[in-house]
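Hi,

Here is the model we talked about, with some notes to read beside it. Please have a look and tell me if anything needs another pass.

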Amino acid sequence: MRIPLSAPDISEADIEAVAGVLRTTQLSMGPALEAFEESIAVKMGVPYAVAVNSGTSALHLCLRALGVGPGDEVITPSFSFIATANAIRYQGAIPVFVDIEPHSLNLDPGSIEEAITPRTRGILVVHTFGFPADMPAILRIAARHGLFVLEDACEAIGAEYQGGKCGAMGDAGVFAFYPNKQITTGEGGAIVTRNPRIARFARKLRNQGRAESRGDFEHDCLGYNYRISEMNCALGNAQLHRLDAILRRRETIAAIYSEKLRGNRHLMTPPGNAPGRTISWFVYVVRLAPHLDRADREWIMAEMAARGVECGRYFTPIHRQPVYRREPCRTRALPITEWMDGRTLALPFFNRIADRDIQRVCDALNQLTDRRAAAAPRKAETADGPHNSACVPRHPCSSRSSGS
């Protein structure tokens, strides 16, 4: 039987919550929305939450609320889902891509300050794969330079850094609830913030620029249809109530994978909880050792697929996406980002994956990486070794600059 890369975890209680909305006459902007927003705000320990139709919409609204406009620059990693940069471009601003840390794959604080110019307005942090970014260091840099900090926590609901909740440490944070996420609304996203102005502005803009205190057809600014339905909110609220149990299960799955792949010298497994950091496991992504490369990954993925195991490429860096060969952006040196490109492999990872299926995935991956490495003697292991903590070559490639 095929093992998918991801699958939503829908319970009978979830189904009943959605059915309950369908038995009413209010399918949008009603009590389910209010309940979902309240639950998110309480869970994140902030006074305001604004639910919208996607994490991308949430990013866009935050950037507009934070005053980002044409010609402004926003620092962000290239090693992310493309929506991170797209939301910046929606405002006519310029994404400035900086490098990541080799261990966490998160924005490297040491790369931020050298990228700051008089046009820089803020830092868009991504908590990659649910691993918390170094928020204290990033917030200190932002404070020194008068920059906002927006957290893309779309992959990191429930993650923490030194007791702070990812998404709730900057000026605003966003979450996404696509079906492959820890919890889902089908489609949906949310903004969390302690700033009442950001919350009010986001609520207005998601509903075509209509102020809550105005009449039905009075709009005082250019807005969008970023509303989320009552059905989505009912599903999200039901799922949110079992988030802690879901995260515990996902942590267990990650631990099983790490144990079964521990002896594979051709892979580097993802980091576990570091001191002061609690991961929210979104995906389980292994990295190929230095003696394997992109061609090997593609062969391994094809062979895994032939065995009924779906794997994923997480991520192709944004600056290497075809659209960003045309869209304005600025690219710093990205040796770690470009080294990781082509070497990451996401394994099947979802709440209800069976232990026997994890065993099947690991058996296949261990066999295939052994076979591929044996068939490629030209790629002798480097002196760094496949389990070097950085998992990067001794002389990483240089990054190419993009136009601005």
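Three strands form an open sheet in the order E7-E6-E11, with antiparallel pairing; strands pair here if DSSP finds at least two bridges between them. Strand E7 (164–165) and strand E11 (277–278) are the edge strands, each pairing on one side only. Between strand E6 (residues 160–161) and E11 there are 2 bridges, and the two run antiparallel. Glu160 is the residue that stands opposite Thr278 in E11. The element names follow DSSP runs numbered from the N terminus, with helices being H or I of at least four residues and strands being E of at least two.

Before the rest, a word on the source: this is a predicted model, where local features need pLDDT of at least 70 and side-chain atom pairs count only at pLDDT 80 or more, while totals for chains, interfaces and linings use all residues. Residues are numbered from 1 along each chain as its sequence is written, and side-chain values use heavy atoms, with hydrogens and water left out.

Now to strand E9. All 5 of the 5 residues in E9 (residues 189–193) are buried, so the strand is largely enclosed by the rest of the structure. Buried means under 20% relative accessible area, exposed over 50%, and partly exposed in between, with a 1.4 Å probe and protein chains only. In a regular strand, side chains alternate between the two faces of the sheet. Both faces of E9 are covered, with Gly189, Ile191 and Thr193 buried on one side and Ala190 and Val192 buried on the other. Strand E1 (residues 48–52) is joined to E9 by 5 bridges and runs antiparallel to it, while strand E8 (residues 172–176) is joined to E9 by 4 bridges, again antiparallel. Ala190 of E9 is the bridge partner of Ala51 and also of Phe175.

On a 1 Å grid over the protein atoms alone, a cavity is a set of points where a 1.4 Å probe fits but cannot get out, and a pocket is an open set with protein on both sides within 12 Å along at least five of seven lines; lining residues have an atom within 4 Å of a point. Grid points are joined across faces, edges and corners, and a volume is the space filled by probe spheres set on the points.

The largest pocket has a volume of about 480 Å³. It is lined by 26 residues, and Phe81, Ala83, Glu155, Lys181 and Phe315 are the closest to its centre. Helix H3 (55–65) and helix H4 (83–90) each supply at least two lining residues, and H3 gives the most, with 3. By class, this lining has 11 nonpolar, 10 polar and 5 charged residues. Here Ala, Val, Leu, Ile, Met, Phe, Trp, Tyr, Cys and Pro count as nonpolar, Asp, Glu, Lys and Arg as charged, and the others, Gly among them, as polar.

There are 3 cavities of 30 Å³ or more, and the largest cavity holds about 120 Å³ of space. Of its 13 lining residues, Thr128, Phe129, Phe131, Pro270 and Pro271 lie nearest the centre. That lining divides into 9 nonpolar, 3 polar and 1 charged.

As for the whole chain, there are 12 helices and 14 strands, and 57% of the 404 residues count as buried.

Best wishes
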